[in-house]
Amino acid sequence: MSGTLIVLTGPTGVGKTLSTIYPSLKAMGEGHGEKLFYLTAKTITRSVAEEAFSILRREGHLYFNTVTITAKEKLCVMEKPDCNPQACPRAKGHYDRVNDAVYELWTTKSRYDRETIREQAEKWQVCPFEMCLDLSVWTDGVICDYNYVFDPNVYLKRFFAEGTKGDYIFLIDEAHNLVDRGRQMYSAALYKEEVLKIRKSLKPYGGKVIRELNRLNQFLLELKRECESYEVLESIGNLPVLLMKVMGELESFLEEPPQPEVGKEALEFYFTVRDFLNICDLLDENYKIYVQNLEDGGFQLRLFCVNPAKNLENCLEKGSCAVFFSATLLPLRYY
């Protein structure tokens, strides 16, 4: 990245969290950084970061507000997230109330953790997840999972949209986890069984979407016939073209889905195809493409990101400084 990159390794319990937060805050106070992102791989380390900021507020008279972003599924008041005014009472009129909810919280507290977000969302009857995202724009620090900075399907577009860059400081805790997590975030798979399932659901309604799903299934069937166990491929051929056509027909189908459940299935598969195509755009020498017959009888075509370094670096370029710290960063050359 164009700014500063620091890698710090030290045993558990020596105070890496405070040792990275404190100088980062000093740097921000001197004008080097407009927002701090504390990135973690686990919920427990988010709690450690929250407590570190609380200690500095209490003992050091720190004036610095932080929000912890929790996954929508964990915050949602519904059994399953359904952001539809007909299904979720919070969704109806959410935008009429959320600005007041954010303003009240922003002007009365400085720590916005999971419970604080839930209580405020309950009081104002708004979506806790969306309120949390809105609040993040007004805070000095954001505590969140790696996904919200690095994952191409989840990243916070209000900060990291294509072509944007900010004076952000990234503190990356338990950084040894970023290798495997990066491989997961920048890999994608397409399963033949999912194609057959959505084709079965949509078949009663006919249309061009079935024709395109048949072509996609035939493409995967030909690969399966040539695969004994697994096989590494040189390329994915014209698969992106087939998937683009499937997406186009699904978009038309979703304009007026015949039934809510069928619409949900079609939308889920649409996102699967979209995510796969996003990874197709990243294919380079850091990837391996392979097909595999699975133990359960399934068949997958996988775009596996062996080395996520380049993709992660592109995300880090959105900020100005990054500190990677962990008790497990050896051998250093590997990481």
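**Helix packing**

Mentor: The axes of helix 10 (residues 192-202) and helix 11 (residues 208-225) come within 10 Å and cross at roughly 155°, where axes are lines fitted to C-alpha atoms, for helices over the stretch in contact, and angles run from 0 to 180 degrees between N-to-C directions. That makes helix 10 roughly antiparallel to helix 11, a term for angles over 145 degrees.
Trainee: And what kind of model is it, and how are the residues numbered?
Mentor: It is a predicted model, in which local features need pLDDT of at least 70 and side-chain atom pairs count only at pLDDT 80 or more, while totals for chains, interfaces and linings use all residues. Residues are numbered from 1 along each chain as its sequence is written, and side-chain values use heavy atoms, with hydrogens and water left out.
Trainee: Is the crossing of helix 10 and helix 11 left-handed or right-handed?
Mentor: The crossing of helix 10 and helix 11 is left-handed, meaning that the near helix is turned anticlockwise from the far one by less than a right angle. Helix 10 brings K192, V195, L196, I198, R199 and L202 to the contact, and helix 11 brings V209, I210, L213, N214, L216, N217, L220, L221 and K224, contact being heavy atoms within 4.5 Å.
Trainee: Which classes do the residues in that contact belong to?
Mentor: The contact of helix 10 with helix 11 has ten nonpolar, two polar and three charged residues; Ala, Val, Leu, Ile, Met, Phe, Trp, Tyr, Cys and Pro count as nonpolar, Asp, Glu, Lys and Arg as charged, and the others, Gly among them, as polar.
Trainee: Which residues of helix 11 are buried?
Mentor: In helix 11, the buried residues include V209, I210, E212, L213, L216 and N217, where buried means under 20% relative accessible area.
Trainee: What about helix 12 and helix 13, at what angle do they cross?
Mentor: The axes of helix 12 (residues 239-255) and helix 13 (residues 260-280) come within 10 Å and cross at roughly 150°. That makes helix 12 roughly antiparallel to helix 13, and the crossing is left-handed. By class, their contact has 18 nonpolar, one polar and two charged residues.
Trainee: Switching topic, how far does helix 2 reach?
Mentor: Helix 2 (residues 43-60) has 18 residues and reaches 25 Å from its first C-alpha to its last, close to the 26 Å expected at 1.5 Å a residue, the expected span being 1.5 Å times one less than the number of residues. Just after helix 2, H61 takes a positive phi of about 55°.
Trainee: What do the buried residues of helix 2 pack against?
Mentor: They pack against helix 1 (16-29), strand 2 (35-40), strand 3, strand 4 (111-112), strand 5 (141-145) and strand 6 (168-173). Among the buried residues are F53 and R57.
Trainee: Where does T66 sit, and is it buried or exposed?
Mentor: T66 is found in strand 3 (residues 66-68) and is buried, with a relative accessible area of 3%. Leaving aside neighbours within four places in sequence, T66 is in contact with F53, R57, S110, R111, Y112, T139, G141 and I143.
Trainee: And how many helices and strands does the protein have?
Mentor: The protein has 14 helices and eleven strands, where helices (H or I, at least four residues) and strands (E, at least two) are DSSP runs, numbered from the N terminus. Buried residues make up 45% of its 335 residues.

Methods: Parallel < 35°, antiparallel > 145°, perpendicular 65-115°, else oblique. Buried < 20%, exposed > 50% of the residue type's maximum accessible area, 1.4 Å probe, protein only.
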